[in-house]
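Subject: Handing over the structure

Hi,

Here is the structure I promised to pass on to you. Please have a look at it first, and then read on for what I found in it.

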Amino acid sequence: MARKTRNQNRNNLVAQINTDQLKKYRTAVYYRLSKKNNGTNQTDTIENQAKIVENYIKGQPDLIIYKEYIENGQTGITFNRPVFNELIEDVKAGLIDCIVVKDLSRLGRNHIETSNYIEKIFPTLDIRFISVTENFDTLTAERNDTGFIIPLKNILNDLYAKDLSKKIIPVIRKKQEEGYFIGNHAYGYLKSETNKGKLIIDERTAPVVVLIYKLRCEGMTYSDIAKELNNQNILTPSQYLYKIGLKKNPPKQTEWKYSSVKNILSREIYTGDMVQGYTKQALYRGHEQIRKQKDELIRVKGTHEAIINRETFEKAQEINRQTREKYLEGIKANSKYEKTENKYYGKILCGCCGSKFKRVRSVRNDKVTYRLLCSSRYRYSDIKCKTLSITEHKLDKVMLQTIKKHIKVLVEEKKILDMIMKSKEYEIKYTAFNMKLENLQTQLDKNTKEKNSLYGNYVLNKISKEEYARMKKEYISTEEVIKQEIQKLRDKILYQHKAKSTKDTVIRKIKQLTESNKLTKKIIDELIENIVIYNNQRIKINFRFKDEYKKAIKLIKDMEVVI
């Protein structure tokens, strides 16, 4: 009867967890295509990569797909790719145990960097890596003294990239010298359907280019022109390309920025001359692009119809030059004034549009003033965002007052928590917790002892092979359940003490602040999550660790233990 009850209790515990003991790998599937997928029937389209990888994973019960990462239109020569970087961040966050690719070239075409990831980075991060078509799996791959025996194809991928780089660069340069347009898009123009290297005027966007040059020649700044375009609800270049189907994914940039305007106002292409070759780089090494000197550019005159006449273009360039000189003169004149640390950097959000605030310095009568203002309103549109600026001095005063009030609340909560943790009731509950932990540890020790005796009983023919396998699985499952219960109880006690310790530290720091009556970036970073400023000058301050005392108090009050 006792044995039946024990087995029934064990079965009840076993039912609480997954009894499958095969390790499950949270798997990231990474697809990459060098050229944007245009839907043609190519071997390495994203769709074909997905079919191969998905069919492989179906036959691997230990692989559970966590997420698919699709890199469409990114070279494999460099590893500085947006989606790949996102994948690595998820790996570092502990969200992924395994990465699967169709073949090694999808991971990268640079042999040294690819090997570095497979040999060093992935093992360091405890990541299993699988390349399907090469049948390469770091869990089962052969190793020698220098590391994994990686297929020769990885080296060939690198040689292919180097050879491609040496062949393609001269071809591109020759086409540029012949006046062909080598690039994706030039705002204001479209590529001719009969000759992709020929530019033709886009009647829908060329007037916007004319407007930009007109406003610049009238003396408007880059930022003011961007504001005007946004206020007129004119689509950005990326939005326009997406609208007409030349860009696959919706653009993140939905507002004109001064950098976009500045770029258009510096491009000689709008005069009808083809000017290209602004940068150079070693493609196969993934080096950073280097800006060429003006006399190194490739110029071919009269290759397409002009949008801006030469006189207007040169006038805009002169204004650009004067603006640059004035900017540099301002920097030089203000260099005698000591710069102060931007203690609110990255902390202030606009309550109207959600943009981050920027800090602007102004000097008048030898007095330096810092203003904090919404970057969107300042640079892009004063119609879409109505939030006004605030001086740093005024915000400092508000912050000091609010923090002093906050510390009074924290001190009262601390008193309550201290009183509870010293009370008889808490002592009883804490003792009960410890008794529960001891009981669970006793159960765990007993379960382990019985599990360890199974093999001896099997050898002595007291239980069959099938009974041995079944009972061992049950004991292991029971062990997991008990360990989880132990961990839950320990976490509760740990949280109470951690919350109190964290808050005590915070209070000490705030007291130091109130004594010095001075804000610093370190104090802001440690105490403040963010600050939201609204268009009516209302300020909302979100503190870090603001609820730990309350949570700890509630946890203690709700503490129930069944012994």
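Arg371 has Thr391 of β17 as its bridge partner. On β16 there is also a pairing with strand β15 (residues 357-364); these two are antiparallel as well, with 8 bridges between β15 and β16 (residues 367-374). Here Thr369 in β16 stands opposite Ser362. The hairpin of β15 and β16 has 2 residues between its strands, and Asn365 in this hairpin has a positive phi near 55°.

Before you go further, please keep in mind that this is a predicted model.

Now the overall picture. The protein has 563 residues, and 39% of them count as buried. Its secondary structure comprises 17 helices and 19 strands. If you take the contacts between residues at least 6 apart in sequence, 68% of them join residues at least 24 apart. The accessible surface comes to about 33700 Å², and carbon and sulfur atoms account for 51% of that.

Two open sheets are worth a look.

Between strand β1 (residues 25-33) and β2 the pairing is parallel, with 9 bridges, and Arg26 has Ile64 in β2 as its bridge partner.

Pro82 has a relative accessibility of 53%, so it counts as exposed. Leaving aside neighbours within four places in sequence, Pro82 is in contact with Glu71 and Gln74. Glu71 is 11 residues away from Pro82 in sequence, and the two C-alpha atoms are 7.8 Å apart.

The other sheet has 3 strands in the order β14-β18-β19, again open and with mixed pairing. β14 (348-350) and β19 (539-543) are its edge strands, each pairing on one side only. From one strand to the next, the twist averages 20°. Strand β18 (residues 528-533) is antiparallel to β19, with 5 bridges between them, and Ile533 has Ile539 of β19 as its bridge partner.

Next, a helix I would like you to see: α5 (residues 111-124). Its 14 residues reach 19 Å from the first C-alpha to the last, close to the 20 Å expected at 1.5 Å a residue. Even so, α5 has a kink of about 40°, centred on Tyr117. Tyr117 is also one of the buried residues of α5, together with Thr114, Ser115, Ile118, Glu119 and Phe122. As a reminder, an α-helix has 3.6 residues a turn, so residues three or four places apart point the same way.

What follows α5? Asp126 does, and its phi is positive, near 60°. Asp126 is a residue other than glycine, and its place is in the loop between α5 and β4 (128-131). Is Asp126 buried or exposed? With 61% relative accessibility, Asp126 counts as exposed, since the cut-off for exposed is over 50%.

Asn233 gives you another case of a positive phi near 60° in a residue other than glycine. Asn233 sits in the loop between α8 (222-231) and α9 (237-243). A relative accessible area of 59% makes Asn233 exposed.

Finally, a residue from the inside. Gln176 belongs to helix α6 (residues 153-177). Gln176 counts as buried because its relative accessible area is 12%, and buried means under 20%. Apart from neighbours within four places in sequence, Gln176 is in contact with Ile182, Gln276, Gly277, Ile298 and Val300.

Technical notes:
Residues are numbered from 1 along each chain as its sequence is written. This is a predicted model: local features need pLDDT of at least 70, side-chain atom pairs count only at pLDDT 80 or more; totals for chains, interfaces and linings use all residues. Side-chain values use heavy atoms; hydrogens and water are left out. Helices (H or I, at least four residues) and strands (E, at least two) are DSSP runs, numbered from the N terminus. The expected span of a helix is 1.5 Å times one less than its number of residues. The bend at a residue is the angle between axes fitted to the seven residues ending there and the seven starting there. Buried means under 20% relative accessible area, exposed over 50%, partly exposed in between (1.4 Å probe, protein chains only). Two strands pair if DSSP finds at least two bridges between them. Axes are lines fitted to C-alpha atoms, for helices over the stretch in contact, and angles run from 0 to 180 degrees between N-to-C directions. Contact means heavy atoms within 4.5 Å. Accessible areas come from the Shrake-Rupley method with a 1.4 Å probe; for residues, only the protein chains shown count as cover.
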